[in-house]
Structures are given as structure tokens and as C-alpha cells.
Amino acid sequence: MNIISKIARKTPILLAVFLCTFNNSIAQKNIRSFSVEAFGAQNTIGVNYDARINGNYGLGYRVGIGFGYADNSGLFNQNIKGVGVPVELNYLLGKKNHKLEFGFGTSLGIYHVKETTWYYYQPVPPETEEHDEQYISTSNCFGYFIFGNIGYRYQREHGFTFRIGITPSFNFGDKYGLKRAVFYPYIGFGKSF
């Protein structure tokens, strides 16, 4: 038997061993988690997928989907409901289970806005009575905001995860930017694997 036929017969076995070893080393280094989050980048409630690039610390990313609701009162009464998709690049400091997390990202979404405006109506001829009039407008629109995360994360390599912190947010002042509180709290629970 020549050397080429020996290598050809053993190549599938060697390739299978290499792929299993490589796959196990990647799985051990790349920690992933699913979580449920209230407030923060999710607006009201949502779910997230989070993954580390290397190990259970350092650089990672998070994507999610959430439902948002806001009811603002003032000169205009606004009722806003919608679905947003936050996308974030984050970094975890700490090599054990307790970590300091920093993140930066954007949330893009489609929102239904119902706006109620009250007008004081005073007719020109003084014979008719003064009264208030109500104007209601509704629209579906695209909206976004830019956010950061600063907080505490408890994350094991496998098992329970917990996150709590604040989400500073802003927009560029254009018509698509969502108005939010500058500092918005968040809390999340999940499972890493």
C-alpha cells in the first residue's frame, strides 16, 4: 500500500477528530445566554440573546426584541406602543461570575402613536358659546434611539444569569428619534449555556 492511500483512508477519521476537538474548544470559549429584560433598551419588556466572543468575559454582543409602551401627558397626550429590536456591542469586566458590564447600541422599531390635542375654541361672533375641541391623530412610524448600558451582571458559564443597571439614551433630534428618559433602569433574568 502506498502512502497516499493510507492518508486517504485515515483522513476522514482525522478530520472528524479535529472537528470534534475544535468544536468543543469553541463551545467552551463562547458563552451564550437567553434572558428576559424589563425596561432598559427593551422599553417595557423583551427577550435577548447574548454571546461572548471569548470565554465568560470581555467583548460580546446582544440582540433582542421587545415591546414598548408609553403614555405621556402634557400639552399633547401621547400614547405610544411598538416593537423594537435592540442591537448592542458590550464588554464584561471580571473573570469570575460577578461582572461589570458596559454596552453601546441602538434600538430600531415600528411604533403606533396616538396623539390627542385639546384646543380652546372661541368663536368670532360672541353670540355663540366658547368650548374646548379635541383633535386625535394616529400614525405608524419608524423610531430609534441610541443607548448605553452600565450595570452589574451575574453570569456563570452554565446556568442562572442576572443583570441590573441603567441605560442612558439619546437620539439625534430628528423626526425618527424616540423621546425617552435620559437614564432608564433595567433588570434581566436568564440562563447561560
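**Salt bridges, a cavity and a pocket**

Author: There are seven salt bridges in this structure. The model is predicted.

Reader: What makes glutamate 37 and arginine 163 a salt bridge?

Author: The closest N and O atoms of glutamate 37 and arginine 163 are 2.7 Å apart. Glutamate 37 lies in strand S1 and arginine 163 in strand S7, so this pair ties together parts 126 residues apart in sequence. The cut-off for a salt bridge is 4 Å, between a side-chain nitrogen of Lys or Arg and a carboxyl oxygen of Asp or Glu. A distance of 2.7 Å is within 4 Å, so the pair counts.

Reader: Is glutamate 37 buried or exposed, and what about arginine 163?

Author: Buried means under 20% relative accessible area. Glutamate 37 has 1%, so glutamate 37 is buried. Arginine 163 has 5%, so arginine 163 is buried too.

Reader: How do you know that aspartate 50 and arginine 153 form a salt bridge?

Author: The closest N and O atoms of aspartate 50 and arginine 153 are 3.2 Å apart. Aspartate 50 sits in strand S2 and arginine 153 in strand S6, so the pair ties together parts 103 residues apart in sequence. The value of 3.2 Å is within the 4 Å limit, so this is a salt bridge. Both aspartate 50 and arginine 153 are buried.

Reader: Which arginine does glutamate 101 meet in a salt bridge?

Author: Glutamate 101 meets arginine 163, at 3.0 Å from N to O. Glutamate 101 belongs to strand S5 (residues 98-121) and arginine 163 to strand S7, so parts 62 residues apart in sequence are tied together. Glutamate 101 has a relative accessible area of 1%, so glutamate 101 is buried.

Reader: Which residues are linked in a network of salt bridges?

Author: The network links Glu37, Asp50, Arg52, Arg62, Glu88, Glu101, Arg153 and Arg163.

Reader: Why is arginine 52 called buried?

Author: Arginine 52 has a relative accessibility of 0%, so arginine 52 counts as buried. The cut-off is under 20%. Arginine 52 is placed in strand S2.

Reader: What does the side chain of arginine 52 reach at 2.8 Å?

Author: It reaches the backbone oxygen of glycine 58. The side chain of arginine 52 also makes a polar contact with the side chain of aspartate 50, at 3.0 Å. A polar contact needs N or O atoms within 3.5 Å.

Reader: Which residues line the largest cavity?

Author: The lining consists of Ser33, Ser35, Asn48, Asp50, Arg62, Arg153, Gln155, Thr161 and Arg163. Strands S1 (32-39), S2 (45-54), S6 (131-155) and S7 (159-170) each supply at least two lining residues. By class, five are polar, four are charged and none is nonpolar.

Reader: How much space lies in the largest pocket?

Author: The largest pocket has about 580 Å³. Of its 21 lining residues, Gln78, Ile80, Gly177, Leu178 and Lys179 are the closest to its centre. Strands S3 (57-72), S4 (76-93), S5 and S6 each give two or more residues to the lining. The largest share, four residues, comes from S3.

Reader: How do the lining residues of the largest pocket divide by class?

Author: Eleven are nonpolar, six are polar and four are charged.

Reader: Where is asparagine 43 found?

Author: Asparagine 43 is in the loop between S1 and S2. Phi of asparagine 43 is near 70 degrees, again positive in a residue other than glycine. At 11% relative accessible area, asparagine 43 is buried.

Definitions and conventions
Residues numbered from 1 in each chain as written. Predicted model: local features only at pLDDT ≥ 70, side-chain atom pairs only at ≥ 80, totals over all residues. Heavy atoms only, no water. 1 Å grid on protein atoms, 1.4 Å probe; cavity = no way out; pocket = protein on both sides within 12 Å on 5 of 7 lines; lining within 4 Å. Nonpolar A, V, L, I, M, F, W, Y, C, P; charged D, E, K, R; others polar. Buried < 20%, exposed > 50% of the residue type's maximum accessible area, 1.4 Å probe, protein only. Points joined across faces, edges and corners; volume = space filled by probe spheres on them. Polar contact = N/O pair within 3.5 Å; in protein donor to acceptor, adjacent residues only side chain to side chain.
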